[in-house]
Amino acid sequence: MKPDMLEGEMNLAPGFPIPPNSDYKTYHNYIDEVLPAESPYLYGLHPNAEIGFLTATSDNLFRTVLEMQPRDAGAGSGGGQ
């Protein structure tokens with residue numbers, strides 16, 4: 001790859017310009033400071049795609065929490081003898 005191939009206006013996605021040619025630390029600073037948080041738009045998806053993902057993630061989280069609840073096998077038997 002030649003450096004002149006990266007000259008000019010290039011974008012990672014619409015409205016998200018590529019970082020300037022620099023070192024590793026500068027790339028990290030660029031990502032943290034300039035690029036927005038991940039969003040469906042960044043991947044070319046409709047904003048509602050995130051709603052489906054977050055709903056599925058929440059369902060999985062709450063299902064896991066419920067499965068971790070202790071189960072009382074002797075409850076309701078009234079046998080207490």
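Trainee: Let's start with proline 36: how does it count in terms of relative accessibility?

Mentor: Keep in mind that this is a predicted model. Proline 36 sits in the loop between helix 1 (24-33) and helix 2. Its relative accessibility is 39%. The partly exposed class lies between under 20% for buried and over 50% for exposed, so proline 36 counts as partly exposed.

Trainee: How far apart in space are proline 36 and phenylalanine 16, C-alpha to C-alpha?

Mentor: Along the sequence, the two are 20 residues apart. In space, C-alpha to C-alpha, the separation of proline 36 and phenylalanine 16 is 8.5 Å.

Trainee: And leucine 12, is that one buried or exposed?

Mentor: Leucine 12 belongs to strand 1. Its relative accessibility comes out at 54%.

Trainee: Which element has the lowest mean pLDDT?

Mentor: The elements run β-β-α-α from the N terminus, with two helices and two strands in total. Over the protein chain the mean pLDDT is 80, and 79% of residues reach 70 or more. Helix 2 has the highest element mean, 93, while the lowest, 73, goes to strand 1 (residues 11-13).

Trainee: Now helix 2. Which residues make the nonpolar surface patch of about 300 Å²?

Mentor: Start with phenylalanine 62, which lies in helix 2 (residues 48-68). With a relative accessible area of 54%, phenylalanine 62 is exposed. The patch of about 300 Å² is made by Leu61, Phe62 and Val65.

Trainee: Last one: what percentage of the residues in the protein chain is buried?

Mentor: The chain exposes about 7,300 Å², and carbon and sulfur atoms supply 59% of that. Of the 81 residues, the buried share is 5%.

Technical notes:
Residues are numbered from 1 along each chain as its sequence is written. This is a predicted model: local features need pLDDT of at least 70, side-chain atom pairs count only at pLDDT 80 or more; totals for chains, interfaces and linings use all residues. Side-chain values use heavy atoms; hydrogens and water are left out. Patches are made of residues with over 30% relative accessible area and no salt bridge: like charges are joined within 9 Å, nonpolar side chains (Val, Leu, Ile, Met, Phe, Trp, Tyr) within 5 Å. Accessible areas come from the Shrake-Rupley method with a 1.4 Å probe; for residues, only the protein chains shown count as cover. A salt bridge is a side-chain nitrogen of Lys or Arg within 4 Å of a carboxyl oxygen of Asp or Glu. Helices (H or I, at least four residues) and strands (E, at least two) are DSSP runs, numbered from the N terminus. Buried means under 20% relative accessible area, exposed over 50%, partly exposed in between (1.4 Å probe, protein chains only). pLDDT is the predictor's confidence in each residue, from 0 to 100.
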